[in-house]
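Have the structure open beside you as you read.

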Amino acid sequence: MSDPEAPAEAGAFGLALRTGAGRFLLAPYLRLVRATSRVVYDPPDFWDRVNANWPALITSWHGQSNLGYPLFPGPERFAIMVSTHPDGRLAAGIAKSFGFSIVEGSGASERQRRGTGGVRAFRQMLRVLQSGKSTIATGDVPPIAGRQVSPGLIAMARHAGRPVFAIGIASSRRRILERIWDRMQFNFPFSTIAFAAEGPFFFTDGTTDEENAEVLKASLDRVLEKAFSIADNSSRR
């Protein structure tokens, strides 16, 4: 019997090629960007806040946190959700290179309903949180533009009873790929990297998922704008 949540066929060679590109090309490049750049955290005690609320869910807008891989301390303590789409093999390769655990799956959308592995990933992410690891996932569902928070992320936080932290990361030397649905950042070496964050947010049964999604969307928008502002102001000094 076929699995209704099985990932789309892409061929073993194509998947291996993407995983290898993430692991042996993109991950070393991100290490180069990190090694040649200065990092500014806002707030400066962000990781202390996360550790005080461990385990937690950490989220960003899609395409706006690629520099996070070399910035997370103790990556073995985190699990990252990566898409089952063939392009998700790039992210999986990067994550494995840095030592993160991965959970395969993504939320469904009007344009992408089958093969996302979303239900399976939801259950696995809950088990990860219960085991004492924190999780990392994008806040929106690909490939829908407009930056709307995934209902699955809110449900996960509520079911797990764990807090959410919103992050936004930007580099002073960057290019925004405007024609891609998520307006992904491509970051360059010799930058100032701004890591902005808010939280913790606790989503309880006392508020609706729609209200919680609005709170998280506003936070994700703010931290990304703040990251751009910090990075850009640093380049003018």
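Start at Ile 169, which sits opposite Phe 195 of strand β9. These residues belong to two strands, β6 (residues 164–171) and β9 (residues 192–201), that run antiparallel and share 7 bridges. Strands count as paired when DSSP finds at least two bridges between them. In general, the strands of a sheet pair through backbone hydrogen bonds, either parallel or antiparallel.

Before going further, a word on the ground rules: this is a predicted model, so local features need pLDDT of at least 70 and side-chain atom pairs count only at pLDDT 80 or more, while totals for chains, interfaces and linings use all residues. Residues are numbered from 1 along each chain as its sequence is written, and side-chain values use heavy atoms, leaving out hydrogens and water.

Next, look at helix α3 (residues 88–98). Its buried residues are Gly 88, Arg 89, Ala 92, Gly 93, Ile 94, Ala 95 and Phe 98. Here buried means under 20% relative accessible area, with exposed over 50% and partly exposed in between (1.4 Å probe, protein chains only). Their cover includes α1 (12–35), β3 (78–82) and β4 (101–104). After α3 comes Gly 99, with a positive phi near 100°.

Asn 212 takes us to helix α6 (residues 209–235). Why does Asn 212 count as buried? Because its relative accessibility is 4%. Leaving aside residues up to four places away in sequence, Asn 212 touches Ile 154, Phe 203, Thr 204 and Thr 207; contact means heavy atoms within 4.5 Å. Phe 201 is 11 residues from Asn 212 in sequence, and their C-alpha atoms are 9.0 Å apart.

Finally, the whole chain: it has 6 helices and 9 strands, taken as DSSP runs (H or I, at least four residues, for helices; E, at least two, for strands) and numbered from the N terminus. Buried residues make up 48% of its 237 residues. Of the contacts with a separation of 6 or more, 75% join residues 24 or more positions apart.
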